[in-house]
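Hi,

Here is the model you asked about, with my notes below it. Please look it over before you read on.

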Amino acid sequence: MTYITDAKVVSHRRVAAGCRRLVLAAPDIAQAVKPGQFLHVRCDGGTRAGHPRGAPTSVGRIGLGWVGSADPLLRRPLSVHDADRERGTVTILYRVVGRGTGLLAEKRTGERVNVLGPLGRGFEPPGHPRQSGHPCQPGHPRQWVGHRRVAIVGGGLGVVPLFFLARELSVGVPPGIQPANAGTPGHSGVPRRAVAVFQGARTAAELDVVDFSILPVDLFTATDDGSRGHAGSVVELFLDTVCHEPVDWVSAAGPPGMLRALAGALETLGLSGEFSLEERMGCGIGACVCCSCRIGTPERWEYRRVCADGPVFPAREVVWE
C-alpha cells in the first residue's frame, strides 16, 4: 500500500555540512516501508484538496491532486534512512542541493510535510543460506556450506538507505538470515556478525554523516584521502576483506562508478547481489519514464523505470552505459 499524507515534523536537524536529518510522523508509511524504498516529498507549503491535514489516504482512492503553491512543481525523491514502526516515524537524510531541498530545510518541528510513499522496490536479501566457497581460490573446497553473511557496500550519500537495511538485518533478523557463525573466530580473531558493512567516502567527515557504529555489524571504512580506515576505494577494501572473511550476498548503493567496479568484483568472485540505482526522477510512480535504465544483458536488454521497477535491481542485470 502506498500512502499520501501530511506528516508532522518530529525533529529536523543538521548532521553535517549541507546535510539534514528529518524525522516525520507517518505511522502507515512506517509500517509499510521496506529498506531501499523512497518517499516522494513535496517541498512547498501546499495543501491537498478536500482532505484534512494529517489524514493518510491511499493513493488509489484520491489520486495525486493538490492545490497551493506549484513551486517547485515536482516532488523530490528521498530515500528512507530509517523507520521506527513502534513510534510510527520515518527518517530521511538528505543533502541541500537546490531550491526544493532548500525549502525543505526550512521546515521546523511541528510543521507538516506532504509525502507520498513508500515507493519503489526495496532490498530483498535471500531468505535462505547459500553455499559459497572461498572466493579468492577457484576450486577451493566449499568449506563455507551454510555460511550466512550479508555484505552491505555503500559510497558517499549512497549509504543513506543502507542504514535501514543494516539495522533490519542485524537487529530485527528476518527468518533465514541468522548469525550462524556467531562464536566462530573470524580472520580478525573476533566473532563475525551476520552483517558486514563496507562504507566509503571522500573524507572522514563524510563518513560521520551516517553512523553505522551504533549497529551490531562488522564495520569496514575507506576514505579517498586516507583520513580514516583504508586509504582508497571501498571496492578495494571489500575485495581485500572478503578474501579472508567470505560473504554470501551483497547489497549496495552509491555512485555509478563505484557500483560498476563492484559489479566487476562480484562477477570475479562469483557472488550475487543487488544494487540500488540513482537517477533523476519526475513523477516517481513510473508515468513519465524519465528515470529509465538498462536492465538485462549487454546483448539483450530493455529499459526499466528506476522509480517503479527499482530502485533496487539484481546486480548482474544492470547494463552499464
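Helix α6 passes helix α7 in a right-handed crossing (right-handed if the near helix is turned clockwise from the far one by less than a right angle, left-handed if anticlockwise). This is a predicted model: local features need pLDDT of at least 70, side-chain atom pairs count only at pLDDT 80 or more, and totals for chains, interfaces and linings use all residues. Residues are numbered from 1 along each chain as its sequence is written, and side-chain values use heavy atoms, with hydrogens and water left out. Helices (H or I, at least four residues) and strands (E, at least two) are DSSP runs, numbered from the N terminus.

The helix pair first. α6 covers residues 234-242 and α7 covers residues 256-269. Their axes come within 9 Å and cross at roughly 20°. That makes α6 roughly parallel to α7 (angles under 35 degrees count as roughly parallel, over 145 as roughly antiparallel, 65 to 115 as roughly perpendicular and the rest as oblique). Axes are lines fitted to C-alpha atoms, for helices over the stretch in contact, and angles run from 0 to 180 degrees between N-to-C directions.

From α6, the contact (heavy atoms within 4.5 Å) uses Val234, Val235, Phe238, Leu239 and Val242. α7 brings Met258, Ala261, Leu262, Ala265, Leu266 and Leu269. Eleven of these contact residues are nonpolar, with no polar and no charged ones (Ala, Val, Leu, Ile, Met, Phe, Trp, Tyr, Cys and Pro count as nonpolar, Asp, Glu, Lys and Arg as charged, and the others, Gly among them, as polar).

Next, the largest pocket. It is lined by 44 residues. Pro77, Leu78, Val97, Leu157 and Glu278 lie nearest its centre. A pocket is an open set of points on a 1 Å grid over the protein atoms alone where a 1.4 Å probe fits, with protein on both sides within 12 Å along at least five of seven lines; lining residues have an atom within 4 Å of a point. The lining divides into 23 nonpolar, twelve polar and nine charged residues. Strand β5 gives the largest share, four residues.

Last, the backbone. Gly117 and Pro118 are joined by a cis peptide bond, with omega about 0°. Pro118 sits in strand β7 (residues 112-119). The Gly310 to Pro311 bond is also cis, with omega near 10°. Pro311 is in the loop between β15 and β16. Val289 has phi near 50°, a positive value in a residue other than glycine. Val289 lies in the loop between β13 and β14.

Best wishes
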